[in-house]
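Please keep the structure in view while reading.

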Amino acid sequence: MKSKIFAIAATILVTLALNANAQGLVRGTVRDSSGEPLPGASVVIANSQVGVLTDIDGKYTISCSSKDVLEFSFLGFQ
């Protein structure tokens, strides 16, 4: 019985470790062509509904994998 519980717990820990390893934090600053920060710019993982907005200094932090593509948008910018 103890070995079954240990095996289940080990499997769960390995699965969590693999999932945690696949994710990472990406930090950055969104700026316009003159170097000014863009507060309220949208940073979204492509083909998902996961995203964040930049803060007052144009900075953002988003959790994503190394294979994800980030899309940036800001009202009035192309």
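In this predicted model, Thr54 is found in the loop between strand 3 (51-53) and strand 4. Is Thr54 buried or exposed? Thr54 has a relative accessible area of 6%, and because the cut-off for a buried residue is under 20%, Thr54 counts as buried.

**Surroundings of Thr54**

- The side chain of Thr54 reaches the backbone oxygen of Leu38 at 2.6 Å, and a polar atom of the side chain of Thr54 lies 2.8 Å from the backbone nitrogen of Ala41.
- When its neighbours within four places in sequence are left aside, Thr54 is in contact with Val30, Leu38, Pro39, Gly40, Ala41, Val43, Lys59 and Tyr60.

- Strand 4 covers residues 59-64, and its side chains alternate along the strand.

**The nonpolar core**

- The largest nonpolar core has eight residues, namely Val30, Leu38, Ala41, Val43, Ile45, Tyr60, Ile62 and Cys64.
- Two elements, strand 2 (42-45) and strand 4, each give two or more residues to this core, and strand 4 gives the most, with three residues.
- Among the residues of this core are Val30, Leu38, Ala41, Val43 and Tyr60, and each of these is also in contact with Thr54.
- Ile45, another member of the core, is in contact with Val50, Ile62, Ser63, Cys64, Asp68, Val69 and Leu70, again leaving aside its neighbours within four places in sequence.

**The chain as a whole**

- The chain has one helix and five strands, and from the N terminus on these elements run in the order α-β-β-β-β-β.
- Of the 78 residues of the chain, 15% count as buried, while the chain exposes about 6200 Å², of which carbon and sulfur atoms supply 60%.
- Among the contacts between residues at least 6 apart in sequence, 51% join residues that are at least 24 apart.

Definitions and conventions: Residues numbered from 1 in each chain as written. Predicted model: local features only at pLDDT ≥ 70, side-chain atom pairs only at ≥ 80, totals over all residues. Heavy atoms only, no water. Helix = DSSP H or I, 4+ residues; strand = E, 2+ residues; numbered from the N terminus. Buried < 20%, exposed > 50% of the residue type's maximum accessible area, 1.4 Å probe, protein only. Contact = heavy atoms within 4.5 Å. Areas by Shrake-Rupley, 256 points an atom, 1.4 Å probe, with all protein chains shown as cover. Polar contact = N/O pair within 3.5 Å; in protein donor to acceptor, adjacent residues only side chain to side chain. Core = buried A, V, L, I, M, F, W, Y, C linked by side-chain atoms within 4.5 Å.
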